[in-house]
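Subject: Structure handover

Hi there,

Here is the structure I promised to pass on to you. Please have it open while you read, as my notes follow below.

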Amino acid sequence: MTDKNKLPLNQILQGDCIELMNSLPEKSVDMIFADPPYNMQLSGDLRRPDDSKVDAVDDHWDQFESFQVYDKFTRDWLKAAKRVLKDSGTLWVIGSYHNIFRVGATLQDLGYWMLNDIIWRKSNPMPNFRGTRFTNAHETLIWCAKDKDSKGMTFNYDAMKVMNDDIQMRSDWVLPICSGGERLKVDGEKAHTTQKPESLLYRVLTAASNKGDVILDPFFGTGTTGAVAKRLGRNYIGCERETKYINVAKERIRKTQALGPEDLEVTRSKRQEPRVPFGSVVERGMLSAGQVLFDSRKRYQARVRPDGSLVASDVTGSIHKVGAQLQGSSTCNGWTFWHFDVEGKSVSIDVLRQQVRAEMN
């Protein structure tokens, strides 16, 4: 495991992202969020019906001589990203119809394993002023692991579900584009033409990283990833070539308020909780041998034995096995099935498990 002290944490590195990523230790970052050039191939000015000019993406960094040149660039930065990503890490890349299909093919060619494609549906998209096409109202994010055998990737499923009013989070996200007070400006002009909204990065980082993780952004721009990472208690490493963007990003992140340690916890998946054997509850004296347990409707009873097993008539075994056999079922969650008496009130033994987990955490 890479020592975090060897990483340029919470810094913006200036230069070519491929060279910079290749200079970092192998398998050293937990997550990568990449917003690469889209290679939008714009020609001529785009104007509104009143003949005013649209501030389109015509920056030099978004221009490539050909698809072949763009594909080579994509392959090179994705190879560098894969080297620096931990085996348990994941990569997110965002794009539009101009580039995302080429990026997706390259990801698969390099052995990345697709986990999801996310549709960011813009609640306030820019209209199609020429009236010759459908309004471009979405962008696509690809979320992938290093390869098909990757294990231990972070996905805070329960946090996403709670964020979505206890409904499983879907792969289509309705979020506004960056506008209004969030849009950074320098001398009255947009600081960056493709600034992403913080709400988008907030969701990505909350879903696929944990506090203290290292988030790498190879195309840092004006620092949306860094600002959200700081706010959520993550570390960031940014790569950026343009001095003007770096200056804006540094000031933006300086002004960002980090949440306190007590405010960073999210709803954890049951799979992430430490395992608690029922025997540990007994050996801690939270329940005693000989104590009677019963189900919520008091149809069944069992006695606790010194080793943490239960006995009910001729049925013996774990809290799960005995609960299942008494009901004639193949499975039973003994923690929620069994209860005990506390001053005349029926209390689930799961309360005791949570107490043990709190101590373990």
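Predicted model: local features only at pLDDT ≥ 70, side-chain atom pairs only at ≥ 80, totals over all residues.

Leu 91 stands opposite Cys 144 in strand 5.

Strand 3 covers residues 85-95, and nine of its eleven residues are buried, leaving the strand mostly covered. With strand 5 (residues 138-145), strand 3 runs antiparallel, and six bridges join the two. With strand 2, strand 3 runs parallel, and there the number of bridges is five.

Strand 2 (residues 29-34) pairs with strand 9 in the parallel sense over two bridges, and Met 31 is found opposite Ile 215 of strand 9. Strand 9 also pairs with strand 10, again in the parallel sense, this time over four bridges. Val 214 has Asn 235 in strand 10 as its bridge partner.

Which residues cover the two faces of strand 9 (residues 214-217)? Val 214 and Leu 216 lie on one side, Ile 215 and Asp 217 on the other, and all of them are buried.

Because eight of its eleven residues are buried, helix 5 is largely enclosed by the rest of the structure. The buried set includes Leu 200, Leu 201, Val 204 and Leu 205, along with Arg 203 and Thr 206. Ala 207 and Ala 208 are also among the buried residues of helix 5.

Now to the pocket that may interest you. The second largest pocket has a volume of about 460 Å³. Its lining is made up of 29 residues, and those closest to the centre are Asp 35, Phe 219, Phe 220, Gly 221 and Glu 240. Helix 6 (224-231) and strand 10 (235-240) each contribute at least two residues to the lining. By class, twelve of the lining residues are nonpolar, ten are polar and seven are charged.

Finally, two serines. Ser 309 sits in the loop between strand 12 (301-304) and strand 13 (310-312). Is Ser 309 buried or exposed? Its relative accessible area is 9%, so Ser 309 counts as buried. The side chain of Ser 309 makes a polar contact of 2.6 Å with that of Asp 307, and another of 2.9 Å with that of Arg 305. Leaving aside residues up to four places away in sequence, Ser 309 touches Arg 303, Val 304 and Gly 317.

Ser 348 lies in strand 16 (residues 345-348). Ser 348 counts as buried because its relative accessibility is 18%, and the cut-off is under 20%. A polar atom of the Ser 348 side chain lies 3.1 Å from the backbone oxygen of Trp 335. Trp 335 is also one of the residues that Ser 348 touches when those up to four places away in sequence are not counted; the others are Thr 336, Trp 338, His 339 and Phe 340. As for Asn 333, 15 residues from Ser 348 along the chain, the C-alpha atoms of the two are separated by 12 Å.

Happy to talk any of this through.

Best wishes

Notes
Residues numbered from 1 in each chain as written. Heavy atoms only, no water. Buried < 20%, exposed > 50% of the residue type's maximum accessible area, 1.4 Å probe, protein only. Contact = heavy atoms within 4.5 Å. Polar contact = N/O pair within 3.5 Å; in protein donor to acceptor, adjacent residues only side chain to side chain. 1 Å grid on protein atoms, 1.4 Å probe; cavity = no way out; pocket = protein on both sides within 12 Å on 5 of 7 lines; lining within 4 Å. Points joined across faces, edges and corners; volume = space filled by probe spheres on them. Nonpolar A, V, L, I, M, F, W, Y, C, P; charged D, E, K, R; others polar. Pairing = 2+ DSSP bridges.
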